[in-house]
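Welcome! Take a moment with the sequence and the 3D view below, and then let's walk through them together.

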Amino acid sequence: MGQQRQLSAETRAVIEELVPEAAKARRVFIFTGAGVSAESGIPTFRDAQTGLWAKYDPVMLASIDGFRKDPANVWKWYDERRQTMSQCMPNAGHTAITEWQRMLAPVQGRLDLATQNIDDLHRIAGTEQLIELHGNIWEVRPLGAGFADAFRLMDCPLSEHPPRAADGSTLRPNVVWFGEMLDESVLNHAFHCAMKADLALSIGTSSLVYPAAALPFVAREHGATLVEINPERTELTAAADYVLQEPSALALPALVEGIRSILPGNPA
Ligand SMILES: NC(=O)c1ccc[n+]([C@@H]2O[C@H](COP(=O)([O-])OP(=O)(O)OC[C@H]3O[C@@H](n4cnc5c(N)ncnc54)[C@H](O)[C@@H]3O)[C@@H](O)[C@H]2O)c1
């Protein structure tokens, strides 16, 4: 039997202090990383390179050079990750974000979510206004085409490696690889939302991968109160106004329940 997990007394005290301020926020910006999906069973990038794949250089599995050299092998790795992800469900952290977004509607508030994750779990959990900074593993685009040409390819497992478009051209995953630029309009939109926020949360990210990692800092510089949720300290921790050093699937539901209890128009 799994042990029932509890928030530490310290975290409960931080949440108690944070809730009245969070309930006042009408522009919320959330930035998430791989840690949010860890409790759904999705390995982090480094964890994903275990077993058969451990012998491969991560850059060869996630770069345009690696893809050009061996598209079949890169696609076998992505196909395996797609199969793993297809078995995973959103966790209580994903769901709490969706609930908070819905709770803000009656008070004319707004919650924007920018994620570095490519796993689709925020969308499956029902979050809207989702900004996918690093693409989506269920989307593909022709090699050489831009983000605007991406489309969903849900076959799982894939019938061929690499998959091909109707005209026979090679398809690549619509994700941002090492050394590639993010979609400019997507990134600009994320920065706009961060700058407008009166409350920003950075959740489950090591805050190391730029330019995305700049988002919470920019929100803070533009006046947002900054919250971090992560069991470990990160590059952002010292800049945060509130730190919840806990797994997101535990801390987020507690925070959102606290907000619900005082936000108008949201009966329990
Ligand atoms: N699920 C996914 O789609 C997925 C998975 C792996 C990697 N990636 C990609 O890899 C890059 C890595 O950057 P990153 O910062 O997202 O991930 P990261 O692996 O660098 O950091 C993960 C962070 O999550 C924290 N964490 C672990 N368990 C947690 C939990 N239960 N609750 C809250 N936090 C927890 C860790 O302490 C760490 O700081 C990103 O660009 C991302 O696109 C995506």
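What you see is a predicted model, in which local features need pLDDT of at least 70 and side-chain atom pairs count only at pLDDT 80 or more, while totals for chains, interfaces and linings use all residues. Residues are numbered from 1 along each chain as its sequence is written, and side-chain values use heavy atoms, leaving out hydrogens and water.

**Around strand β7**

- Five of the five residues of β7 (residues 199-203) are buried, so this strand is largely enclosed by the rest of the structure; buried means under 20% relative accessible area with a 1.4 Å probe, protein chains only.
- Leu199, Leu201 and Ile203 are buried on one side of β7, and Ala200 and Ser202 are buried on the other.
- In a regular strand the side chains alternate between the two faces of the sheet.
- Strand β8 (residues 225-229) runs parallel to β7 and is joined to it by five bridges.
- Ile203 stands opposite Ile229 in β8.
- Together, β7, helix α9 (residues 214-221) and β8 make a right-handed β-α-β unit; right-handed means that, with the strands pointing away from the viewer, the path from the first strand over the helix to the second runs clockwise.

**A three-strand sheet**

- An open sheet of three strands has the order β5-β4-β6, and its pairing is antiparallel.
- Its edge strands are β5 (151-152) and β6 (171-175), each pairing on one side only.
- Strand β4 (residues 135-142) is joined to β5 by two bridges, and Val140 stands opposite Phe151 in β5.
- Helix α5 (residues 71-86) lies across β4 and β6, running at about 140 degrees to β4; the angle, on a scale from 0 to 180 degrees, is taken between N-to-C directions of axes fitted to C-alpha atoms, for helices over the stretch in contact, where contact means heavy atoms within 4.5 Å.

**The whole protein**

- The protein has 10 helices and nine strands, which are DSSP runs: H or I of at least four residues for helices, E of at least two for strands.
- Along its principal axes, the C-alpha trace spans about 55 × 45 × 35 Å.
- Of the 268 residues, 52% count as buried.
- Among contacts between residues at least 6 apart in sequence, 71% join residues at least 24 apart.

Technical notes:
Pairing = 2+ DSSP bridges. Buried < 20%, exposed > 50% of the residue type's maximum accessible area, 1.4 Å probe, protein only.
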